[in-house]
Amino acid sequence: AVVSTQSGHYGRGLPKLVILTLCDFSWFKQVYLSLRETSIYENMDDKEMKDMSYGVKKTDIGSTLSIYLQKRHALNNFHLVEVTSSLWLAGWNQKEPALMNKFHVGDQLLSVNGQPVTTVAEANTIMEMTPSGVELLLKRMPLAAEYKMHREKEAEDWGMQIRQNRLVDVIHGGIAWTAGLQPFSAEFAEKACSWAITQVNKCPVSVLCRSTDVIWSKINSGKTDALITLQPSEFVNILSNSLLEHPHYEDFVARS
């Protein structure tokens, strides 16, 4: 409620003074920011919106970054999964150009427009209620590990065994072993598990991939060097199974 009001002027050109309680000021601030946000986003084109994404390098594992999107690009264009009291990105609409090269499978969604979210319903409600722009605060693949491998000749074996998109074994003393890979060193829900390959040379591997040959083709495309990103297989299973329940899951599968 208004504590007091003063009519008239305290000098030439000064408006009426209104004193608000702290509670009312907080409400006023929210309304002001909402109107300001609407004005900002409505006057921005897609390129300017894209340029507003900030933070550390977008591929740095475990980093936190904000991504700004127009409401029409965000709403109903993500497949989020609730796992261990957190929200995780399993896929996004591959037909929406505004979403390209911004996200990775396994990204954790921390907040939407500054409001912490832990359920899909919370995230969707905030996106629906926002007047125009959407700010997503993400943690980049916090469960992932990244390994860089190098071999002297293209014919040299990488020293690891892969089945579909799973790392199932590493040969002691081989290239993969030297790079630090261990087959069952992943951990999810406080239990050890195997690794699933989700990116090769910074390019996504479909979480639905069931072809070992496709994975090897991506690894060998770098000739003598390969950079692989892995995430706990049990975690990837949850994401992929949930994605398959989406009526248009084919459109939401991240692939290179």
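Visitor: Which residues does M160 touch, not counting those up to four places away in sequence?

Guide: In this predicted model, M160 touches M149, L167, D169, V170, A176, L181, W216, I219 and I228. Each of these counts as a contact because heavy atoms lie within 4.5 Å.

Visitor: What makes M160 stand out in the largest nonpolar core?

Guide: That core has 59 residues, and M160 is one of three that touch the most other members; F78 and F103 are the others. Strand β6, residues 86–92, gives the most to this core, with 5 residues.

Visitor: How many cavities of 30 Å³ or more does a search of the whole structure find?

Guide: The search finds 1. The volume of the largest cavity is about 60 Å³.

Visitor: What makes a space count as a cavity and not a pocket?

Guide: A 1.4 Å probe fits in a cavity but cannot get out, whereas a pocket is open.

Visitor: Which residues line the largest cavity?

Guide: The lining is made of F78, L80, L87, W88, L89, F103, D107, L109, M127, L136 and L138. Two or more of the lining residues come from each of β5 (78–83), β6 and β9 (133–139). The largest share, 3 residues, comes from β6.

Visitor: Why is K139 called partly exposed?

Guide: The relative accessible area of K139 is 28%. Buried means under 20% and exposed means over 50%, so a value of 28% falls in between and K139 is partly exposed.

Visitor: Where is K139, and which residues is K139 in contact with beyond four places in sequence?

Guide: K139 belongs to strand β9. Leaving aside neighbours within four places, K139 is in contact with G62, S63, T64, D107, Q108 and L110. Between K139 and S63 there are 76 residues in sequence, yet their C-alpha atoms are 5.6 Å apart in space.

Visitor: Why does S111 count as buried?

Guide: S111 has 8% relative accessibility. The limit for buried is under 20%, so at 8% S111 is buried. Its strand, β7 (residues 108–112), is mostly covered, with 4 of its 5 residues buried.

Visitor: Which contacts does S111 make, leaving aside neighbours within four places in sequence?

Guide: S111 is in contact with P116, V117, E135, L136 and L137. One of these, L137, is also the bridge partner of S111 in β9.

Visitor: How do you know that β7 and β9 pair?

Guide: They are joined by 4 bridges and run antiparallel. At least two bridges are needed, so 4 is enough for β7 and β9 to count as paired.

Visitor: What other strands does β7 pair with?

Guide: β6 and β7 pair in the antiparallel sense over 2 bridges, with L87 and L109 as bridge partners. Strand β8, residues 115–116, is also antiparallel to β7 and joined by 2 bridges, and V112 stands opposite Q115 there. In the hairpin of β7 and β8, 2 residues lie between the strands, and N113 takes a positive phi near 55°.

Visitor: What makes strand β15 mostly covered?

Guide: Of the 6 residues in β15 (195–200), 6 are buried. Each of those residues is therefore under 20% relative accessible area.

Visitor: Which strands pair with β15, and over how many bridges?

Guide: β15 pairs in the antiparallel sense with β12 (166–170) over 2 bridges, and R166 stands opposite A196. With β17 (225–232) there are 5 bridges, again antiparallel, and Q231 is the partner of A196. Strand β16 (203–204) runs antiparallel to β15 and is joined to β15 by 2 bridges, with V200 opposite C203.

Visitor: What phi does N201 take in the hairpin of β15 and β16?

Guide: N201 takes a positive phi near 50°, and that hairpin has 2 residues between the strands.

Definitions and conventions. Residues are numbered from 1 along each chain as its sequence is written. This is a predicted model: local features need pLDDT of at least 70, side-chain atom pairs count only at pLDDT 80 or more; totals for chains, interfaces and linings use all residues. Side-chain values use heavy atoms; hydrogens and water are left out. A nonpolar core is a set of buried Ala, Val, Leu, Ile, Met, Phe, Trp, Tyr and Cys residues joined through side-chain atoms within 4.5 Å. Buried means under 20% relative accessible area, exposed over 50%, partly exposed in between (1.4 Å probe, protein chains only). On a 1 Å grid over the protein atoms alone, a cavity is a set of points where a 1.4 Å probe fits but cannot get out, and a pocket is an open set with protein on both sides within 12 Å along at least five of seven lines; lining residues have an atom within 4 Å of a point. Grid points are joined across faces, edges and corners, and a volume is the space filled by probe spheres set on the points.
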